[in-house]
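Me: Could you take a close look at one helix for me, and then follow the chain out to its surroundings? I would enjoy a connected walk through the details.

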Amino acid sequence: MSKNKNNGLSRRKFLGSSAALAAASMVPVNFAAANPAPKNDNPNSNFGGVHIGAITYSWRTMPGGLENIVKYCKECNISSIELMSGDLETYLGAPESPMMEIFMEIRRQQQAEQEASGEAPQPRRRGRPQLNAEQQARMDKYNEEVRKFRLNVDMKKVESAKKLLDDAGIKPHIVKFSPSQWSDEEIDYAFKVAKALGAKGVSEEISEDAAKKLGPIAEKHGMYAVFHQHMQFADVEGFTYDNFVGISPAVMFNFDSGHYFGSTGKNPCDILRKYHDRIFSIHIKDKTGPETDPPNQNQVWGQGQMPLEEVLLLIKKEKWPIYCDIELEYDVKPWSNAVKEVKTCVNYARQILM
């Protein structure tokens with residue numbers, strides 16, 4: 001146990017009933033015996049006792065929908081996912097968000113203004129764009145419609161979604177609802193649906209306010225609130241996981257090892273060793289470091305500087321029940337696609353772990 005265990009509860013004690021599953025993954029096994037050939041073409045991406053999965057954001061450039069996610073997982077041999085909530089809620093019958101349409105409107109307006117002024121094209125800005133009054137009204141209408149949908153969700157549709165995933169041998173360990181700005185009733189919906197799917201947590205971007213809000217609600221549901229970081233270890237003065245571990249035993253971390261290395265140049269294994277009992281999952285990718293030209297850039301796996309092999313072998317050696325999720329962020333060439341690239345990443349990880 002790492003020295004950061006200052007709240008008296010470990011992940012396995014907190015989940016209780018999942019302890020046996022976690023413990024089973026910590027027992028040395030013969031891989032051939034523990035991972036027989038998949039039946040009915042179902043995927044199996046547990047390699048050497050390490051869960052290799054993907055955040056379904058990796059297929060954002062491909063046609064969406066839960067049925068397509070199942071198809072992509074099978075093609076990539078992925079049996080474990082962090083499921084983005086958009087595909088799930090669409091399957092459950094949620095109203096369609098106008099946000100993408102609004103983004104495109106704003107982008108076209110920006111391009112028109114640049115062309116009129118003779119300015120060089122500007123890179124796309126990150127974060128939420130500034131909406132005009134008409135666009136905000138459309139979002140307000142949508143937010144009310146989707147709130148009503150969430151509070152009256154048809155649990156039979158949730159059961160159908162679970163069956164679709166179960167039949168394909170795909171287990172969602174997290175659903176990324178990012179619900180910290182929702183009402184408490186909607187947050188309850190997020191944890192209720194994630195739990196019904198068999199997931200162990202709901203994920204959100206990290207902040208103390210989000211942790212303070214989601215932690216107690218997750219605890220009430222016997223689940224985790226799992227927080228993802230970008231470059232805060234480098235960009236935010238005094239940022240440390242120590243500021244979060246005491247908020248609730250349900251607060252866990254989705255450690256983005258790639259963002260950590262790319263922004264700090266430090267070895268992600270240091271964070272894993274210190275906080276492994278509070279790290280539920282990691283995002284894995286290849287990157288250049290902050291002192292490289294160009295700095296902190298996503299790379300095809302094996303072409304960057306991120307210590308992928310060291311990270312995966314440490315988790316294997318220590319038998320930590322940490323889910324390792326591929327996050328495909330490097331540019332996909334026109335002759336390839338996100339499914340092919342994720343499949344290559346899966347095989348890369350398998351070669352390391354087998």
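Reply: Happy to. Let's start with the helix α15, where Ala 338, Val 339, Glu 341, Val 342, Cys 345, Val 346, Ala 349, Ile 352 and Leu 353 are buried; buried means under 20% relative accessible area, exposed over 50%, and partly exposed in between, with a 1.4 Å probe and protein chains only. These residues cover an arc of only 165 degrees around the axis, which puts them on the same side of α15; the arc is that of the directions from the helix axis to the C-beta atoms.

A word on the source: this is a predicted model, in which local features need pLDDT of at least 70 and side-chain atom pairs count only at pLDDT 80 or more, while totals for chains, interfaces and linings use all residues. Residues are numbered from 1 along each chain as its sequence is written, and side-chain values use heavy atoms, with hydrogens and water left out.

Back to α15. Helices (H or I, at least four residues) and strands (E, at least two) are DSSP runs, numbered from the N terminus. The helix holds 16 residues, 338–353, and at 1.5 Å a residue it should span 22 Å, which agrees with the 23 Å between its end C-alpha atoms; the expected span is 1.5 Å times one less than the number of residues. The cover over its buried residues includes β1 (46–47), β2 (50–55), α4 (66–76), α14 (308–318) and β11 (323–326), with contact meaning heavy atoms within 4.5 Å.

Arg 60 sits in the loop between β2 and α4 and, at 38% relative accessibility, counts as partly exposed. Apart from neighbours within four places in sequence, Arg 60 touches Leu 328 and Glu 329. A polar atom of the Arg 60 side chain lies 2.9 Å from the backbone oxygen of Leu 328.

The whole structure has zero disulfides, a disulfide being a pair of cysteine sulfur atoms within 2.5 Å. Cys 73 is in none, and its nearest cysteine sulfur, that of Cys 76, is 7.2 Å away. Cys 73 is buried at 0% relative accessible area, and Cys 269 is buried at 0% as well.

Finally, two other helices. Helix α9 (residues 184–196) has 13 residues that should span 18 Å, and its end C-alpha atoms are 18 Å apart, which agrees. Its buried residues are Glu 186, Ile 187, Tyr 189, Ala 190, Phe 191, Val 193 and Ala 194. Just after α9, Gly 198 takes a positive phi of about 95 degrees. Tyr 189 also turns up in the contacts of Glu 89, a residue of helix α5 (residues 85–92). Glu 89 is buried, with a relative accessible area of 6%. Beyond its neighbours within four places in sequence, Glu 89 is in contact with Ala 94, Phe 149, Arg 150, Phe 177 and Tyr 189.

Methods. A polar contact is a pair of N or O atoms within 3.5 Å; within protein, one must be able to donate a hydrogen and the other to accept it, and residues adjacent in sequence count only if both atoms are side-chain atoms.
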